[in-house]
Amino acid sequence: MGVVITLPPEPRPVPPLDADPGRARAFAADLLAASAQVDDLGELAAGRARLGSWTGAAASAYHDAIRPTGRTADAMSLALRGVARRADQHADALEGLLDRRERLVGERDQLSAAVAGLRSRVDGAPAEQAPELEAACQDCAGRVRTYEADLDRWSTDLISEEEAMREAFARVLTLEQVERRYGGVPDPADEALDSLPGAGATPADVRTWWDGLTHEQQLALIAASPGSIGNRDGIPPWARAAANTVALDRDLADWEHLDDLGVITDDERQWLGNARAAQEAIDAIEERTDPVTRAPVPAQLYLYDPAAFGGDGAVAVAAGRLDTADDIAVTVPGFGTDGQSADFQAARVADLYEATRSVDGVGDVATMFWIGYDAPDNVPWEGEGWDGGGVAGEEMAAAGGERLADLLDGLRASRDGEPAHLTAIGHSYGSTTTGHAAHDHGVPVDDLVFVGSPGVGGDTDHVSDTGVDPDHVWAGANSRDPIADLSNHGWLHLESALGGTGLGDDPAEDDFGAQRFRAESTDRPVFLDVGEHSRYFEHDSESLYNLSQIVAGNYDAVLEAGPVTDPWWSGPQDPEWGRDPARHDTLDEP
Amino acid sequence: MDVPLSELATTAHVWDEQHLDLQAAADQVVEAPTSGFTAAVAGAAERFTTTWGRHLTDLAASAESHADGLRETAADLACTDGLVAEGGLALTLQLREIR
């Protein structure tokens, strides 16, 4: 009696899954933004529009008319918010199902090949091989059964998730359903808002308040009152970004609608420009690929106020996740910066992100540009008013320095666990602002960097005035950058000589005591050229290479440059002027 | 009269703004992308967005109706009090829908 060989069955193919979690999230975001708008109506009907002191027959008729409108709006807001949240969860589930499907496909391909291999071995095999082949077939059949069970579970999970999402849509389709489920239901956001810390609360106090809320209350605030937390120092970055995204989506819908109708005001048009720039900044970052994981780089809208500073706007967008990054850099831009500079600044921090992630051994990184102060940028001949002249003095930098210090304190207070390695990088007039933040208020950073600096503030004469460890105060100055040449040198202090003009000392000079790093362009011009002022963040440049090493805490790899000196017998001497610069790869590419 | 007519006019404008904002919200919901869902869900999503587009448009219309009602009431009260004749153009302009 010979051994009977039973060939294993062919594993079933994995069904296709045609879904796009990103689009599902965009759907959820649109609903959430719309719910915020509806929530505003509910608040209005109960508050500002109520005209409670109005009496008489006409007043009664009015109050009777708006009461149901307010109630309906509140219920609709909660319903829309609920569906948005479920859609977001559905997007997460789809992502998981797609990942599982990919693994199942790989497994199925392997099993198919194994089955085909066994078939060809069995065909014409001598009798003495039969026991061994039968054992191999049994083993393979067992693996096919396991795969089939996994496939069934995957299919069941998909069907369940689809059913749950359809149910979420169906149960609040009509207004009667909305009223039954949410009519008169208190909004969790309202109770949370009642205990919101006042304007003078510290970031630590705000964080304590936030941690004391339920998760339901936190999500409700993000949806119903994004403006109350989106720009509040102490709120965790993920929550600020979520709230600011709701506000941004709502604003874009509102102002674009008004623009389409032809009734948008000049102010609103400017705010719309700022909102669009913020969205473009987010998109620009999300189009980049992480050099290590090859996944899209995530973006976080950490600050969003399109009407700030008389319409110039305030915005900060991070590449990476501020909540969990091991190394964080905050860049502070200078003259000419306003809300509409967001996409330009996004490209810079995206380059810095890529370069830092390309450093050997680096962990998670986040790089954020911060346009959170009123930088000098307007010139009267463009009809924008006149604050461009502010670049000649430190007033705007001093005011900005206070805001920057608050931002950095807030970032520290908002994170859990091990503190991140934090670097502040001030460029151009932004370096003056950063210098003021450090000198005037103290900044909780590990590294302080000045690039292309026209001066770091009149009272900051030495690294010891910054409050940061002197070994961790850095200066990058391109020898052909005329802006970096504007600062005080040696004994000549322009602000003393010229009655207050000038922006302070040169951080690249020997007397200042900073660690100067190489920042020359390999194709630099022969003479000073203002174009060099904008090249500190370019890929493969000395400057970006060194910035990325500093941000990653890889100090030994930073390429030093000799400081500028100012001998009594001559003008400032820059040893970088005559050195041949070198190209440095700053991006790991496949 | 416990509230000035100007306050009625201002509140009417606030309702006008809500009307516009809610119309924008209605468009946003109608245009929300449903293509990310699987075929088994997309139909339900489209039905939801279409239906809710109507709900939000109706809510927007309510807001506009409150605005119009306030303006009518204010105009009636002003005529009753003879204020239109006295206040002339300024009051008339206040009671007009701006956008």
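Biologist: Which side chains meet in a salt bridge at 3.2 Å, N to O?

Modeller: This is a predicted model. The two side chains are those of A:D259 and A:R269, which form a salt bridge at 3.2 Å, N to O. The pair links distant parts of the chain, with A:D259 in helix α9 (residues 237-261) of chain A and A:R269 in helix α10 of chain A, ten residues apart. A:D259 counts as partly exposed because its relative accessibility is 25%, where partly exposed lies between the limits of 20% for buried and 50% for exposed. A:R269 is also partly exposed, at 43% relative accessibility.

Helix α10 of chain A covers residues 266-286, and A:N274 lies in it too. A:N274 has a relative accessible area of 5%, so this residue is buried. Leaving aside residues up to four places away in sequence, A:N274 touches A:P306, A:G311, A:D312, A:G313, A:G339 and A:Q340.

Other salt bridges can be set beside the first. A:R240 forms one with A:D233, and the closest N and O atoms are 3.0 Å apart. A:R240 has a relative accessibility of 1% and therefore counts as buried. A:D585 and A:R583 also meet through their side chains, at 2.6 Å from N to O. Both of these residues, A:D585 and A:R583, are exposed. A network of salt bridges links A:D523, A:E532, A:R535 and A:E538. Over all chains, the count of salt bridges comes to 38. As a general point, side chains of opposite charge can pair when their charged atoms come close.

Charges also gather on the surface. A patch of negative charge there is made of A:E402, A:D406, A:D409, A:D440, A:D459 and A:D461. Helix α13 (residues 395-413) of chain A gives the most to this negative patch, namely three residues. A:D409 is found in helix α13 of chain A. Its relative accessible area is 33%, so A:D409 is partly exposed.

The surface has a nonpolar patch as well. A:V526, A:F527, A:L528 and A:W577 form this patch, and together they have about 430 Å² of accessible area. A:L528 counts as partly exposed because its relative accessible area is 44%.

Apart from residues up to four places away in sequence, A:Q549 touches A:V359, A:N554, A:Y555, A:A557 and A:V558.

One further residue is A:A170, found in helix α3 (residues 130-170) of chain A. A:A170 has a relative accessible area of 38%, so it is partly exposed. A:A170 and A:G42 are 128 residues apart in sequence, and their C-alpha atoms are 24 Å apart in space.

Methods. Residues numbered from 1 in each chain as written. Chains lettered and ligands numbered in written order. Predicted model: local features only at pLDDT ≥ 70, side-chain atom pairs only at ≥ 80, totals over all residues. Heavy atoms only, no water. Helix = DSSP H or I, 4+ residues; strand = E, 2+ residues; numbered from the N terminus. Buried < 20%, exposed > 50% of the residue type's maximum accessible area, 1.4 Å probe, protein only. Contact = heavy atoms within 4.5 Å. Patch = residues over 30% accessible without salt bridge, like charges linked within 9 Å, V, L, I, M, F, W, Y side chains within 5 Å. Areas by Shrake-Rupley, 256 points an atom, 1.4 Å probe, with all protein chains shown as cover. Salt bridge = Lys/Arg side-chain N within 4 Å of Asp/Glu carboxyl O. Lys, Arg positive; Asp, Glu negative; His and termini not counted. Charge placed at Lys NZ, Arg CZ, Asp CG, Glu CD.
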